Amino acid sequence: MIEEVKPLNPAAAGLEPPPKGLASFPPPERWDDWTEYDPAQWPRKVSKHYSLIPTICFNCEAACGLLAYVDKETGRIRKFEGNPAHPGSRGRNCAKGPATLNQVNDPERILYPLKRTGKRGEGKWQRVTWDEVLDDLAERIRKALIEGRRNEIIYHVGRPGHELVYNQRILHAWGIDGHNSHTNICSAGARTGYAFWHGIDRPSPDYANARFILLLSSHLEAGHYFNPHAQRIIDGKIAGAKVCVIDTRLSNTAARADYWLSTWPGSEAAVLLAMCQVILREELYDAEFIRRWVNWEEYLHEEHPGRPRTFTTFIEALKEIYAEYTPQFAADESGADSELIVQVAREIGRAGHAFAAHVWRNAAAGNLGGWQVARTLEFLSVLVGAIATPGGTAPAAANKFIPAPPMMPPAPRAWNEIMWPREFPLAFFEMSFLLPHFLQEGRGQLAAYFTRVYNPVWTNPDGMSWIETLADESKIQRHACLTPIWSETAWFADYILPMGLASERHDLMSQETHAARWIGFRQPVLRVMQEKQGKHFNFTYEAHRAAGLGEVWEEDEFWIELSWRIDPDGALGIRQYFESPYQSGQKMTVAEYYRWIFEHSVPGLPEAAATEGLEPLAYMRKYGAFLVEDGVYRAHEQRLPEAQLESAAIDAQTGLVTRDGTTIGVEIDGIVHTGFPTPSRRLEFFSKTLKEWKWPEYAIPSYIRSHVHRDDIDISSGEMLLLPTFRLPTLVHTRSGNAKWLYEISHRNPLWLHPADGARLGLSTDDLLKVHTEIGYFVDKVWVTEGIRPGVIACSHHLGRWRLDEDLGGEKWSTALVDLRQIAPGKWMMRQVHGVQRFASADPDSERVWWEDAGVHQNLVFPVQPDPISGAHCWHQKVRVERPGPEDRYGDIFVDTGKSHEVYKRWLAMARPAPGPGGLRRPLWLARVYRPATQAFYLSE
């Protein structure tokens, strides 16, 4: 007999249930005046009236929806909860979403523009006006453009917060190739592996409808888009799906999986190819899908010209090629159980089209050749035909929607070799983490350098080289740091420009969270609230000033205003792209920009708005999100309309359909489909690009031995492998440093150490361990756990924040005060003076801080290690460990930047530079962010 569940409060038993049942969220029709009892007044029932204004979270890249509860009496934001109208997050948020309130109310916020008055890094600042900042920057940029020094202007972004097309408008209007991102220290390895298959650089798994899910990450807790993805993984699990996690660590996700394969870092591609071998050997593949959609004919023509060009021949060739990747071979390489490898392969075969898989950073970011981890993972999906199917994995572009903006400038005829050097013609993103070394070698200098929500001193490897470069005014003449908070990088800037948080600016977002396409609208909540009350503002910083938020601004308006001042009379051809689409000759406002997009570029939005008697912009301000299309599958099978086929030519051998010299589709079995954006318009098992661009040995999915292969680690001499790539679910890089709730939960990053290694080294939990890399060392505490492989230590990269001044330069919730000294040319020593402490502020919680640990900044001691193909930094480190000496302390760091440059040159020597075929810098078909004009791809330019 099941015991009746009774309410916790006896008084609840006498209450009548609501006539329509309990609601999970406030209904949108009541968002303008939502009433709740004030919890601070309990047990009295005191009503509080709120205006609920939607926006988008900014504490990771998932772009989940938030509702800001604005107190209608005080005009202050009281809390953030989930937006139920958001198709991706569905009203649910992780801990980072509600913690936005901490960031808005942070007592240490930078509220006004600051200008350096002493030497860089000296910590002397004065408040200046936005007009002073804009005039100085505009003059410098205008001068550089007029003098033909356009490659001296660089915008270096960590997390844009908006779809890249917004800033692309800015830089292309200026006529520069100036975008620099963080992606080659993040996801470029995985992106490369996926792009060589289907021309699109990200996967979009349909977890909710999958029968089997394979994750090379910790998606339930901290993986890419983890809140929307975790929800749908749970949906799939409830529906009966099984989950396998390949991860060296026993993450929380691995602990909840049906299968956990703890592999030696760098061996993952061997394991995945062994699974492919099982599927081929046991004929669990989808032959019809492979026949139709894989470029097997091109492969046989190029690599086996003497064999019959039949599909049977191709399958035979596959079985021959991958016969060596037996489960036992994979077990020997990885340490995983061979029987488990077989079991998982069979699960994948049984799932067929409902097999969902994902890798983002993890192994793809850690290892030399890590891009092949994504390529071999996608091979599994291709073999079973699980591409863009219900329960399968689609190329991300099908599940994102990026609406066209007004007045898009043409691509510039420019190529910036400081970011896209010829040594890395296939690099999927800019070689941004090598910038200090390029400038040291004299490859250029910068007249204007913008860092935007990016902290290379802390986030990148080799941060001391960044400090040396940022402090050198001969290399970087003017550095403007656009940031909502203090950072280690901002300390070395010329300007610190306070930019808005999640609820303080406009952005348009879309992410591939599931098999649908949606947009989310971030908006400055307090400006929207005040404008509802009849107030008017020219700029968002004016609204923030009226609301008591200083002069915190937003990038959208900043770039419009800066561009207008660079070209005040229109002589440079820039101003025209910043004129109003509604009022000729007038400066465009941010409201007009989004109004135009919502009226002209989002299918179905004007109609949906009209049904509620709203204009499209008002609709988006009300709901904060819009579902453009649901149930998006098999986009590659879309048929080309007859009108497009008029005057088109079909190649009888390849099936490629061209019109006016451009490939528009592919004919398969008599039907013309759009296909994939690859040279063959098919999935490319064989990459002729890799062959022609000097990497023929990796033209098909392969296993590349990592730079930290287990055979190269001599444990008996104190060597181990350091795995530094995993996230914590509560933190994101440097953006969460001012969120007290999050740092109360997570504030230390000990070294995971297996008990066998602990016994060998004589260490217990919380003992210190000294970890040597090629360029220095750091000292950290250990956490002895069976959740890591023997021979491997692991340390999260989300902690170890520091500041150089007691009162400035870092959030006291999250930073240790350190003493940083250059003890000899190129030799740096950092020692913690004290950890996190209680401090006096306008927030009474600052006097209640109980934690002291701020973690250890391990990235400082990592040399740059660029993969010669993907360009991605290979994070994993071969290290030597020892017990610290009597002079060593927790948090100590030593770095030799001279050795760092030597390591850089050694890795650079592995590259195979351009030119490629036809004198190209880069293949014309291969995607490139902020793509310049076609002429710029040729070295003759």
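**Cavities, a pocket and ring contacts in a predicted model**

The second largest cavity holds about 110 Å³ of space, where a cavity is, on a 1 Å grid over the protein atoms alone, a set of points where a 1.4 Å probe fits but cannot get out, and lining residues have an atom within 4 Å of a point. A volume is the space filled by probe spheres set on the points, which are joined across faces, edges and corners. The model is predicted, and local features need pLDDT of at least 70, side-chain atom pairs count only at pLDDT 80 or more, and totals for chains, interfaces and linings use all residues. Residues are numbered from 1 along each chain as its sequence is written, and side-chain values use heavy atoms, with hydrogens and water left out.

The lining of the second largest cavity includes Gly158, Arg159, His182, Val453, Tyr454 and Asn455, and by class it divides into two nonpolar, six polar and two charged residues. In this scheme Ala, Val, Leu, Ile, Met, Phe, Trp, Tyr, Cys and Pro count as nonpolar, Asp, Glu, Lys and Arg as charged, and the others, Gly among them, as polar. Val453, one of the lining residues, has a positive phi of about 45° although it is not a glycine. Val453 is placed in the loop between E15 and helix H16 (456–459), where helices (H or I, at least four residues) and strands (E, at least two) are DSSP runs numbered from the N terminus. With a relative accessible area of 12%, Val453 is buried, a word that stands for under 20% relative accessible area, whereas exposed means over 50% and partly exposed in between (1.4 Å probe, protein chains only). A positive phi of about 50° is also found at Arg634, which is not a glycine; Arg634 lies in the loop between strand E20 (625–630) and helix H24 (642–645) and, at 32% relative accessibility, counts as partly exposed.

In total, the structure holds 14 cavities of 30 Å³ or more. About 280 Å³ of space lies in the largest cavity, which is lined by 20 residues, with Ser217, Arg361, Asn362, Thr725 and Phe726 the closest to its centre. Seven nonpolar, eight polar and five charged residues make up the lining of the largest cavity.

A pocket, in contrast to a cavity, is an open set of points with protein on both sides within 12 Å along at least five of seven lines. The second largest pocket has a volume of about 810 Å³, and of its 32 lining residues, Glu298, Leu656, Pro679, Ser680 and Glu684 lie nearest its centre. Helix H9 (296–303) and helix H25 (688–692) are the elements that give two or more residues to this lining, and the largest share, five residues, comes from H9. By class, the lining of the second largest pocket has 13 nonpolar, eight polar and 11 charged residues.

The structure also holds 53 aromatic pairs, in which rings of Phe, Tyr and Trp (its six-membered ring) have centres within 6.5 Å, with planes under 30 degrees apart counted as stacked, over 60 as edge-to-face and the rest as tilted. Phe450 and Trp559 form an edge-to-face pair, at 5.2 Å centre to centre and with 70° between the planes. This pair links distant parts of the chain, since Phe450 belongs to strand E15 (residues 448–452) and Trp559 to helix H20 (residues 555–566), 109 residues apart, and both Phe450 and Trp559 are buried. The ring centres of Phe726 and Trp752 are 5.5 Å apart and their planes stand at 65°, so this pair is edge-to-face. Phe726 and Trp752 are both buried.

Charged side chains also meet rings: the charged end of Arg127 sits over the ring of Tyr112, 3.5 Å from its centre, and Arg928 lies over the face of Trp415, at 4.9 Å from the ring centre. The criterion is that NZ of Lys or CZ of Arg is within 6 Å of the ring centre and within 35 degrees of the ring normal.

Helix H18 (residues 525–532) is mostly covered, with six of its eight residues buried, among them Val525, Leu526 and Arg527. Just after H18, Gly534 takes a positive phi of about 95°.
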